[in-house]
Amino acid sequence: MYVNRRAPYGTIYALEGLEVALVGAAFDQDVSMAFIGDGVFQLKNGQDTSDSDMKNFSPAYRALGDYDITRLYVEKESLDERGLSLGDLMTLTWEDEAEDWNEKSSVHVVSRLELTEILEKQDVILNF
C-alpha cells in the first residue's frame with residue numbers, strides 16, 4: 001500500500017509516490033493506494049499549476065487502471081476537513097475483464113476506521 005499524505009505540489013513526494021506505485025505495478029506487485037490528509041488534493045479534478053514552476057502530473061493518474069492499480073482509498077474525513085467531496089475528485093476507472101470489460105470506479109471513499117482496518121491487513125506500507 002502506498003500512502004499519500006502530502007499535497008500534489010510544493011514537494012516531490014506526491015510525484016515520487018505515483019512513480020513508485022507505477023513501477024511496482026509494472027513489476028506485477030499488488031498495488032493499492034491511500035490518500036490521507038492533504039494527499040486527497042492529489043486526486044482533485046481540474047488541477048492548475050500554471051502559476052508555479054511545477055509540471056501538472058495529475059493526468060498520469062488516469063493510467064493507474066491500465067497498470068491494474070484499481071484500489072484507491074480516499075479517507076472521507078480528510079475530504080470533509082478540506083471541504084471536498086467525491087464529486088471534486090477525478091473520475092478514475094478500470095475495465096473489468098471478468099465482466100465483459102465493464103468500467104468500474106477505482107476511487108473508494110472510506111472512513112478513517114475503515115482505512116485503519118485496510119492498512120492493518122497490508123504486508124508493506126510505503127509513505128509519501
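On a 1 Å grid over the protein atoms alone, a pocket is an open set of points where a 1.4 Å probe fits, with protein on both sides within 12 Å along at least five of seven lines; its lining residues have an atom within 4 Å of a point. The model is predicted, so local features need pLDDT of at least 70 and side-chain atom pairs pLDDT 80 or more, while totals for chains, interfaces and linings use all residues. Residues are numbered from 1 along each chain as its sequence is written, and side-chain values use heavy atoms, without hydrogens and water.

**Exercise 1.** List the lining of the second largest pocket and sort it by residue class.

Solution. Step 1: the lining consists of M1, Y2, Q29, D30, V31, S32, R71, Q122, D123, V124 and L126. Step 2: Ala, Val, Leu, Ile, Met, Phe, Trp, Tyr, Cys and Pro count as nonpolar, Asp, Glu, Lys and Arg as charged, and the others, Gly among them, as polar. Step 3: this gives five nonpolar, three polar and three charged residues. The volume, the space filled by probe spheres set on the grid points, is about 200 Å³.

**Exercise 2.** Describe the largest pocket by volume, centre and lining.

Solution. Step 1: its volume is about 280 Å³. Step 2: 18 residues line the largest pocket, and G65, D66, T93, W94 and E95 are the closest to its centre. Step 3: strand β4 (residues 93-96) contributes the most to this lining, three residues; strands (E, at least two residues) and helices (H or I, at least four) are DSSP runs numbered from the N terminus. Step 4: the lining holds seven nonpolar, five polar and six charged residues.

**Exercise 3.** Check the length of helix α1 (residues 13-26) and locate its buried side.

Solution. Step 1: the expected span is 1.5 Å times one less than the number of residues. Step 2: for 14 residues this is 20 Å, and the end C-alpha atoms are 20 Å apart, which agrees. Step 3: A14, G17, L18, A21, L22, G24 and A25 are buried (under 20% relative accessible area, 1.4 Å probe, protein chains only; exposed is over 50%). Step 4: these residues fall within an arc of 160 degrees down the axis of α1, so they line one face; the arc is taken from directions from the axis to the C-beta atoms. Step 5: their cover includes β1 (2-4) and β2 (33-35).

**Exercise 4.** Assign the two sides of helix α3 (residues 112-120).

Solution. Step 1: L115, I118 and L119 are buried. Step 2: their arc is within 100 degrees, so they line one face of α3. Step 3: the face turned away carries the exposed residues L113 and E120. Step 4: the buried residues of α3 pack against β1, β2, β3 (72-75) and β6 (107-110), where contact means heavy atoms within 4.5 Å.
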